[in-house]
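Look through the sequence and the structure shown here before reading on.

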Amino acid sequence: MRGVLMARRANRRAGSTGLHIGGFERMSLVDWPGQLAAVVFCQGCGWHCRYCHNPHLIPFRQPGRYAWEGILSWLEHRRGLLDAVVFSGGEPTLHPGLYAAMQQARALDFKIGLHTGGPVPENLFPLLPLLDWVGFDFKAPFPSYERITGHSHGEQALASFRMLRSVPVPCEVRTTWHPRLLSGSDLLDMARWLADAGCTEWVIQRFRPDGCKDRELCAAPIGEVPVESISMPGLNIVVR
Ligand code: SF4
């Protein structure tokens, strides 16, 4: 796994915590709906989604902009004022220091949220007991992951999602949609798959051009999510 090796190298440079942090949001109400959360954006992602609106967080080679120790000490003074810490990215599960950082934030009584696409299920597994909520990025029909991410990691993402479904951790399944990347038939496949898996809600986020470097995607008309033609019994589709 090239991404994992790159993350390890970057983490050696990041210091003892092994958490390479490219961004930090002190207060957010949108990264974990319903919770007031601080958001830690981990630096580095093994995927290259064309619609990525945080492309500066993709490379592993950039030095981290924030030290975890500094964030932790800031969090100590926000106990009781914030509900949660969300680890986002990039892809946080590629960082060996994530487990320790989550433990430390939990010890301060913060709830722990995670944004992940699940590229490495064996990295996700040990984190499960620490998680209070997950935002899982369902990129495409699993056999078509390469079209979106540049890597054929659909099986890994599927294994991660099955793992998340097997534990009592609330999980929001969400998909970024651009009609140039996911057709109506792709969305229908995904909806069918979620309904068959027993999911009751699917969040579809319309592509937003902010931060995206792909000019073709930014220029293309988007239109409305074809909710009616992909509806499934028992699956509530929420468009954001
Ligand atoms: S997985 Fe997320 S961070 Fe990585 S390239 Fe895709 S959108 Fe960007």
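Some questions and answers on strands, a helix and a ligand follow.

This is a predicted model, in which local features need pLDDT of at least 70, side-chain atom pairs count only at pLDDT 80 or more, and totals for chains, interfaces and linings use all residues. Residues are numbered from 1 along each chain as its sequence is written.

Q: How many residues of strand 5 are buried?
A: Helices (H or I, at least four residues) and strands (E, at least two) are DSSP runs, numbered from the N terminus. A residue is buried if 20 or more other C-beta atoms lie within 10 Å of its own, with C-beta atoms placed from the backbone. For strand 5, residues 133–137, the number is five of five.

Q: Which residue of strand 6 stands opposite Phe-136?
A: Two strands pair if DSSP finds at least two bridges between them. Strand 5 and strand 6 (residues 171–177) run parallel and are joined by four bridges. Opposite Phe-136 stands Val-173.

Q: Why are the buried residues of helix 3 on the same side?
A: In helix 3 (residues 98–107), the buried residues are Leu-98, Ala-101, Met-102 and Ala-105. They are on the same side of helix 3 because they cover an arc, taken from the directions from the helix axis to the C-beta atoms, of only 100°.

Q: How many charged residues does the shell around the ligand have?
A: The residues around the ligand (C-beta atom, placed from the backbone, within 6 Å) include Cys-45, His-48 and Glu-91. Asp, Glu, Lys and Arg count as charged; Ala, Val, Leu, Ile, Met, Phe, Trp, Tyr, Cys and Pro as nonpolar; the others, Gly among them, as polar. The shell has six nonpolar residues, five polar and, as for charged, one.

How values were computed:
Buried ≥ 20, exposed ≤ 12 C-beta atoms within 10 Å, placed from the backbone.
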